[in-house]
Amino acid sequence: MKRRSFIAAVSAAVSLFMVAGSAAQAADYPRRPINIVVPYKAGGGTDAYARALAAAAQGTIDVPLVVVNKPGSGGLNGAQSALGARPDGYTIMLTSGGSFLLSTLTRKTRIDALESFDYVAQVGRLKTSMIVPANSPYKSVHDVIDAAKEKPGSLRWAHSGRGGFHYVAGLGFLKANGIEAQDVPFKGGGPARAAIMGEQTDYGFIGIQQIKGFEAQLRGLGVNADKRDEIVDSVPSFKELDIPFANVSSPVLVLAPKGTPEKVMAYLEASLKEIAAKPEFSELLKKRGTAPVYLAGSDAKSAIAQMKSDVLPLIDGLKK
Amino acid sequence: MEIFSALSFVFATPSLIGAILLAAVVGMIVGATPGLTAAAAIAMLLPITYYMDPLFALAFLYVIGKSGRYGGSIAAILFNTPGTAASAATQLDGYPLARQGKAGKAMKTATISSVIGDFMGDIMLIVGVGAIAALALKLGPPETFAIYFAAFVVIGSVIGKSIVKGLVSALFGVLIATVGLDPISGEERFTFGTFDLTNGIGLVPLMIGIFVLGEVFDQLEKRQQKVESLETSEHDDDHDGLTWKEYKPCLPHAVRGGFIGAAIGILPGLGSAIAAFVSYGEGKRRATNPEQWGKGALEGIAAPESANNAVSGPSMAPLLTLGIPGSTIGAILLGVFLIHGIQVGPTLFITSKELIYQLFACGLLGIFAYGIIGYFGASHVAKLILRIPSNVLYPMIFLTSFIAAYSARGSMFDVLVMVCAGVVGWLMRKYDFNTAAFVISFVLAKGAEESFRQALLVSDSGILVFFERPIALAFLLLGVGAILFRVHSMRRERKRELAGGLEDA
């Protein structure tokens, strides 16, 4: 009696498992939830794009998009995990393209930003900025430069991980102005912002959108760009302030592991184009301080190739 | 107060109430089943919650944690095997009571005390968490590291029977945690050139392996040994009913247990089991009838049961405000927050205040749900568990753990990790190593290393930064104090054992 019920239970469980397995093989794409790997912690700028994408995808893609955060090592951790997944379209990566490219160039890694992944599309753009705690003695970028000149190496600055574009922009800023300061890496923009708010560091290089919702705790001193940000337009640009800087920004890219079927790639690209044009996508992004910027996969790839040739001379000096 | 609007929101959402009721029942069954802990159940259910609304997912798992801590008392009383480590203290008086035919009384006392403790803990959390969060924002890497340190020391040395084996287990956890990429520089460590290892060892497969698979292996080995159990159905109402007169002397023990549990809960890493034992010891010391404790005193159930549930609420404080999980359940909940894009830490109360208070409201409701279900239904749950033969139960758990480990990330490597962890977990149990210390230190090690190295980067004076900042110093001293306290009480226990006082055996 007991043995019979045991066999019944096991065979029931096994047959359930097999039915589920064969159904997944026979079905057309997409039949089950798609995992979007975000190689940064939840709460950062790249993560905001993935969340907005997942929410706005309803009605365009019939299955849920599940955001999976795999932070660490300037985005390489998540990239490695996405690369390790089967190229079946059920695991894709949404990443900060600039940081991703820079990490692959400055680190010892098997990943090549242009070769290891297939480019689905670009959905946004992130800019970095110099941000201080709200009651910091530094009222302007010049205050920070003066303080750093007075006591070289005594200032501490936070960023979201070595090798990322915020880090490179921060180092570029120091180099361009001939000053020194100690960097303190955090895992992602959210923890870096918390550290600046808690006055653990003197300033930080984090995404300009990170000020959104934290205006009482943070003060933006300058945007690392030629022009002001479209959403957070109260912070002047470095160019406007006449401060030399390294012009690095980061396109937000959706990538799929190399070898993902053509049909799947075409479906994803078309769906992303549709989602990027949706008003609810811009609405969701606006709340987090960013905006949609759509580019087709091939264009996004050539932009990264262009960026690669631009930054190669810059990062040669930064390599550690 | 945010909690009232949150409560009215929860009451206005019937599906959420349904989820809470379901969680209360699931938690109770899981907790009452020897060999299945609430942490294991939550780890297995985790993949399902990916597809749920964040509040649903969090409330569901949070209430399972609460209800599971309570459910452990059922197994402790009836089967003389604690359903969870947290109920090991309940067993001391619970089983003697069951043998006297008073299992019903004992279970009702456990229910009421759990509700009292849990409720006290949650109220303290709700009132105090805003202040803790504001303070947490001022805590930098040095303070964070000091808190990790305190958590480490305490888990490694307090939970286990042996300090050495506890510390070895914890060190092993640290070693496994360093596999993967360096948190500051991003270099590969202990990967042996294996691509899969560059991501480190996953928490979910590791936990399923250690807690679920390891336990199944362990039970497999013990199959011949029969679990002593008691038939309760034949007892008349006179024995199962609980009168106010009987519960009245338990009340002070329950309230004291509530305070002890809440205080211990707020410190990361201590956990329910310690709270229960401290409360039991303190209760016995202050009791008017200490000679009856251990032989079947209802007070001896009230004290530990209240304390182990009071841990539940306050242990969320370090998790929510600092992102430091104070328990294995906390570590899994951390994963749920991250999966749903909610960044746990000092800024949580700026970005997701509403959600947090709604979660607290669900917790309060969950307490009453398991309280009422438990008060009237505990003996039925017990019968149900007795009826499932272990040769059906364990194969089912065995299969489910494979599915759960695979589905978390869809990775076969994770399944391999789980199987290895299962063997490790079984061996650790067999040789009395501490699986909880292993897993918790695995979780803590990453954050501790990161904050330690960040602290050194922030510091102008090197390692002295930990002594210059008062909060950091306080937590370091707390950690050292915990070691000394533990060594002291271990010595005392050993002396007593030598004197031949093995009364509980």
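The paragraphs below lead through a predicted model, beginning with the domains of chain A, passing to its sheets, and ending with a helix pair in chain B.

The domain assignment divides chain A into domain 1, made of residues 31–125 together with 250–314, and domain 2, which covers residues 128–223. The C-alpha centres of these two domains of chain A are 26 Å apart, and the contact between them draws on 23 residues from domain 1 and 18 residues from domain 2. On the side of domain 1 of chain A that touches domain 2, helix 4 (residues 97–106) of chain A gives the largest share, with 5 residues. By residue class, this side of domain 1 of chain A divides into 15 polar, 5 nonpolar and 3 charged residues.

Turning to the sheets, strands of a sheet pair through backbone hydrogen bonds, and they may do so in parallel or antiparallel fashion. One sheet of chain A is open and has 6 strands, in the order 2-1-3-10-4-11, with mixed pairing. Strand 2 (65–69) and strand 11 (292–296) of chain A each have a single partner strand and stand at the edges, so one side of each is left without a neighbour in the sheet. Neighbouring strands of this sheet are turned against each other by 25° on average, direction ignored. Within the sheet, strand 4 (residues 117–126) and strand 10 (residues 250–257) of chain A run antiparallel and are joined by 8 bridges, and D118(A) has A256(A) in strand 10 as its bridge partner.

A further open sheet of chain A consists of 5 strands in the order 7-6-8-5-9, and its pairing is mixed. Its edges are formed by strand 7 (182–185) and strand 9 (218–223) of chain A; each has a single partner strand, so one side of each lacks a neighbour in the sheet. Strand 5 (residues 128–133) of chain A runs antiparallel to strand 9 of chain A, with 5 bridges joining them, and M130(A) stands opposite G222(A) in strand 9.

In chain B, the axes of helix 3 (residues 38–49) and helix 9 (residues 203–221) come within 9 Å and cross at roughly 140°, which means that helix 3 of chain B is oblique to helix 9 of chain B. The crossing of these two helices of chain B is left-handed. From helix 3 of chain B, A39(B), A40(B), A43(B), M44(B) and L46(B) meet V204(B), M207(B), I208(B), F211(B) and V212(B) in helix 9 of chain B. The residues of this contact between helix 3 and helix 9 of chain B comprise 10 nonpolar, no polar and no charged.

Definitions and conventions
Residues are numbered from 1 along each chain as its sequence is written. Chains are lettered from A and ligands numbered from 1 in the order in which they are written. This is a predicted model: local features need pLDDT of at least 70, side-chain atom pairs count only at pLDDT 80 or more; totals for chains, interfaces and linings use all residues. Axes are lines fitted to C-alpha atoms, for helices over the stretch in contact, and angles run from 0 to 180 degrees between N-to-C directions. Helices (H or I, at least four residues) and strands (E, at least two) are DSSP runs, numbered from the N terminus. Angles under 35 degrees count as roughly parallel, over 145 as roughly antiparallel, 65 to 115 as roughly perpendicular and the rest as oblique. A crossing is left-handed if the near helix is turned anticlockwise from the far one by less than a right angle, and right-handed if clockwise. Two residues are in contact if their C-beta atoms, placed from the backbone, lie within 7 Å. Ala, Val, Leu, Ile, Met, Phe, Trp, Tyr, Cys and Pro count as nonpolar, Asp, Glu, Lys and Arg as charged, and the others, Gly among them, as polar. Two strands pair if DSSP finds at least two bridges between them. Domain bounds come from an automatic or database domain assignment.
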